[in-house]
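Subject: Structure for your review

Dear colleague,

Please find below the structure I am handing over to you. My findings follow it.

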Amino acid sequence: MAIRPVLRMGDARLLQVSLPVSDYPGLQELLSDMRDTMKALNGAGLAAPQIGVNLRVVIFGVPDQKNPRYPDAEAVPETVLVNPVIAPMEDGMTEDWEGCLSVPGMCGLVPRHSAIRYQGYDEYGALIDRTVSGFHARVVQHECDHLDGILYPMRIRDLGNFGFRDVLFPNSPMQEE
Ligand code: NI
């Protein structure tokens with residue numbers, strides 16, 4: 001169990017395409033470190049490449065309304081996804097504000113598919129198959145983007161909607177980073 005340093009935008013490792021997991025004995029330790037790191041930073045999700053491990057593993061979850069970085073977010077079940085696959089539903093795109101532990105202090109307005117079906121495996125190899133929308137769908141798309149070397153600023157349509165969180169939202173507890 002350890003809190004690991006989170007790589008920040010500019011680090012070339014965040015731009016790599018991560019590898020599928022087949023047989024990886026270190027998975028439990030990796031997940032333990034990812035959970036510790038995400039909790040220490042009040043993140044809603046974390047992808048393995050953010051701690052320098054280029055494997056297709058993400059975790060996410062907003063168990064209640066108490067995450068200070070996402071005070072208005074609906075609850076999202078705590079989930080481990082290994083080798084995730086996303087299929088967009090035909091519901092169009094929605095723009096909303098996102099932040100990222102690899103882009104500390106910033107946030108931006110990012111278009112995402114409004115609803116998706118996602119599949120992957122949990123830490124015990126059981127299949128996860130969910131169709132979700134809203135914030136849940138947004139978090140999954142954000143985390144899975146990390147596995148393809150994509151950071152949310154790359155998806156912002158108008159960079160006028162990108163900036164420092166405490167400037168954009170001075171009266172919001174979202175400025176906590
Ligand atoms: Ni991120």
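What percentage of the 177 residues of the protein count as buried? The figure is 49%. Please bear in mind throughout that this is a predicted model.

Overall dimensions and fold

The radius of gyration of the protein is 15 Å, which agrees with the value near 16 Å that a compact globule of 177 residues would have. Taken along the principal axes, the C-alpha atoms fill a box of roughly 45 × 40 × 30 Å. Among contacts with a separation of 6 or more, 66% are made by residues 24 or more positions apart.

The secondary structure consists of 3 helices and 8 strands. Read from the N terminus, the order of the elements is α-β-β-β-β-β-β-β-α-β-α.

The sheet S4-S5-S8

An open sheet is formed by 3 strands in the order S4-S5-S8, with antiparallel pairing. Strand S4 (93-98) and strand S8 (162-164) are its edge strands, each pairing on one side only. On average, neighbouring strands of this sheet are turned by 25° against each other, direction ignored. As a general point, strands of a sheet pair through backbone hydrogen bonds, either parallel or antiparallel. Here, S4 and strand S5 (residues 106-113) are joined in the antiparallel sense over 6 bridges. Within S5, Val110 is the bridge partner of Asp96.

Helix H2

Helix H2 (residues 134-147) lies across S4 and S5 and runs at about 105° to S5. Its length can be checked: at 1.5 Å a residue, the 14 residues of H2 should span 20 Å, and the end C-alpha atoms are 21 Å apart, which agrees. Of these 14 residues, 13 are buried, so H2 is largely enclosed by the rest of the structure. After H2 comes Gly149, which has a positive phi, near 75°.

The nickel site

The nickel ion has three protein donors, namely Cys100 (SG), His142 (NE2) and His146 (NE2), which lie 2.1 to 2.3 Å from the ion. The spacing of the donor residues in sequence is C-x41-H-x3-H. Cys100 belongs to the loop between S4 and S5, whereas His142 belongs to helix H2, so the pair ties together parts that are 42 residues apart in sequence.

Are Cys100 and His142 buried or exposed? A residue counts as buried when its relative accessible area is under 20%. Cys100 has a relative accessible area of 3% and is therefore buried. His142, at 7% relative accessibility, counts as buried too.

The surroundings of Leu55

Leu55 is found in the loop between strand S1 (45-47) and strand S2 (57-62). With a relative accessible area of 13%, Leu55 is buried. Which residues is Leu55 in contact with, leaving aside its neighbours within four places in sequence? The contacts are Ser18, Leu19, Pro20, Val21, Tyr24, Ala48, Pro49 and Leu147. Leu147 is also a residue of H2, given that this helix covers residues 134-147. By way of a distance across the model, Leu55 and Pro111 are 56 residues apart in sequence and 25 Å apart in space, C-alpha to C-alpha.

Yours sincerely

How values were computed: Residues are numbered from 1 along each chain as its sequence is written. This is a predicted model: local features need pLDDT of at least 70, side-chain atom pairs count only at pLDDT 80 or more; totals for chains, interfaces and linings use all residues. Side-chain values use heavy atoms; hydrogens and water are left out. Two strands pair if DSSP finds at least two bridges between them. Helices (H or I, at least four residues) and strands (E, at least two) are DSSP runs, numbered from the N terminus. Axes are lines fitted to C-alpha atoms, for helices over the stretch in contact, and angles run from 0 to 180 degrees between N-to-C directions. Contact means heavy atoms within 4.5 Å. The expected span of a helix is 1.5 Å times one less than its number of residues. Buried means under 20% relative accessible area, exposed over 50%, partly exposed in between (1.4 Å probe, protein chains only). Donors are N, O and S atoms within 2.8 Å of the metal (3.2 Å for Na, K and Ca); water is not among the atoms, so sites may look incomplete. The radius of gyration is taken over C-alpha atoms; the globule rule is 2.2 Å times the number of residues to the power 0.38.
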